Structures are given as structure tokens and as C-alpha cells.
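Good morning, and thank you for making time for this presentation.

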Amino acid sequence: MSAEDAVPASPTAAPFLVSKSVELLTGDTWRDGSKLYRLYGVQSCLRGTVALDANGQELDCGNVSLAHLAALFSTTAVTCQPIALALDRATFVVCGAKLDGNTIDLGTALIAAGYAFAATDAKGNAVSANYLVAELNAKMKADGLWATTFQHPIELLLRRAGERKQ
């Protein structure tokens, strides 16, 4: 989902602690009751797409992304700030997690570890320059999914968007 698909959230939207009982849908989106949340500026690998590890074993790329979001949610307190609404009515959020006494940006943590990517707008420009730098660093170090062979989710999403316009 691109930044162009977002409208500002209510100015009174308060930060909230993510419940340990959320339903994870992807590596960047979850449901808590009837509310849908998505990390702003973060794109997880798409579920159902294949990542090949060094031994040629097929992994579900999206499930790998989801597992790393699940690990962060289950091991640390995560607080999110609503910032916008997506066209599908998901609430875009920016989240922080307490790790080793420091608060880290959840999107940066997922992207820097190589299990998520910098989201782009419809033209392919990164929504967050910081997230793009984290992605490039993970790619250079072959961290996380970068140690596998996979189709980058942004390429797939932009291709699908282009096909819909034709």
C-alpha cells in the first residue's frame, strides 16, 4: 500500500500498546478485533511467493516475514502511533519496541534484519529514506531474506499495478 493511498488519521488518535492476542495477517499487517493495522512505510514479503535458501529449499517468503514480526510482538512490548488511514480502512501505524533498554523503530528493525522492505509509492519511490537505507544495508550484508533468492515484493506489486492500468 503506497503513501498515496493514505489519508491522515484522526488528530486525536493516541498511541496504543499492541495486544499479545492480535491476529497476524502478513509481516506488516495485523488485526486486533475489528481493527486492521499496517506498518507505515514497510512492505513484507508477499505470502505465497517463494524464497530459495542456499540449499535450494523453498520457503514461503511471506511466512518468513510474518514469523519475524510475530517474534518481535511476542518477545517485547510494542507501542504504535496511528498516523493515517489506508484506502482499505487499515490504520497505518509507526511502532516502537523496547529491546535491551532501548526503544527501536519496528519498521527499521524488520527491514535492517532483512525480513521486510522499504515500501514505495506508485512510482517506485521509497516512502521513507531511512527505511531504504536500512534495506540497502541488509541487502549488502545478505541478512535475512537477502541470503535467499526471491522476487522483491515491490517489483511484484508495481508490476501488478501496471497490469491493472492496461
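Which residue in β9 is the bridge partner of Leu-17? It is Thr-79. Before I place that pair in its surroundings, some conventions are needed. This is a predicted model, in which local features need pLDDT of at least 70 and side-chain atom pairs count only at pLDDT 80 or more, while totals for chains, interfaces and linings use all residues. Residues are numbered from 1 along each chain as its sequence is written, and side-chain values use heavy atoms, with hydrogens and water left out. Helices (H or I, at least four residues) and strands (E, at least two) are DSSP runs, numbered from the N terminus. Two strands are said to pair if DSSP finds at least two bridges between them.

Let me return to the opening pair. Strand β2, residues 16-17, pairs with β9 in the antiparallel sense, over two bridges. β9 also pairs with β10, again antiparallel, over seven bridges. Within that pairing, Ala-84 has Phe-92 of β10 as its bridge partner. β9 and β10 form a hairpin with four residues between the strands, and Arg-89 takes a positive phi near 75° there.

By definition, a disulfide is a pair of cysteine sulfur atoms within 2.5 Å. In general terms, it is a covalent bond between the sulfur atoms of two cysteines. Here Cys-80 is joined to Cys-95, with 2.0 Å from S to S. This pair links distant parts of the chain, with Cys-80 in strand β9 (residues 78-86) and Cys-95 in strand β10 (residues 91-99), 15 residues apart. The torsion about the S-S bond of Cys-80 and Cys-95 is about 105°, so this disulfide is right-handed. Are these two cysteines, Cys-80 and Cys-95, buried or exposed? Both Cys-80 and Cys-95 are buried. The word buried stands for under 20% relative accessible area, exposed for over 50%, and partly exposed for what lies in between, with a 1.4 Å probe and protein chains only.

How many disulfides does a search of the whole structure find? The search finds two. The other one is formed by Cys-45 and Cys-61, whose sulfur atoms are 1.8 Å apart. It too links distant parts of the chain: Cys-45 lies in the loop between β6 (42-44) and β7 (50-52), and Cys-61 lies in helix α1 (residues 61-75), 16 residues away. About the S-S bond of Cys-45 and Cys-61 the torsion is about 80°, so this disulfide is right-handed. Cys-45 is buried at a relative accessible area of 1%, and Cys-61 is buried at 0%. With the bonded cysteines of the protein chain numbered in sequence order, the pairing reads 1-2, 3-4.

Strand β3 (residues 23-24) and strand β4 (residues 29-32) run antiparallel and are joined by two bridges. Glu-23 has Arg-31 in β4 as its bridge partner, and the β3-β4 hairpin has four residues between its strands. β4 is joined in turn to strand β5 (residues 35-39) by four bridges, also antiparallel. Trp-30 is partnered there by Tyr-37 of β5. The hairpin of β4 and β5 has two residues between the strands, and Gly-33 takes a positive phi near 65° in it.

Elsewhere, three strands form an open sheet in the order β8-β7-β13, with antiparallel pairing. Its edge strands, β8 (58-60) and β13 (149-150), each pair on one side only. Two bridges join β7 to β13, and Leu-52 stands opposite Thr-149 in β13.

Finally, consider helix α3, residues 129-141. Its 13 residues reach 19 Å from first C-alpha to last, close to the 18 Å expected at 1.5 Å a residue; the expected span is 1.5 Å times one less than the number of residues. Which residues of α3 are buried? They are Tyr-131, Ala-134, Glu-135 and Ala-138. Seen down the axis of α3, these buried residues fall within an arc of 100°, so they line one face of the helix; the arc is that of the directions from the helix axis to the C-beta atoms. On the other side of α3, Ala-129 and Met-140 are exposed. Just after α3, Ala-142 takes a positive phi of about 55°.
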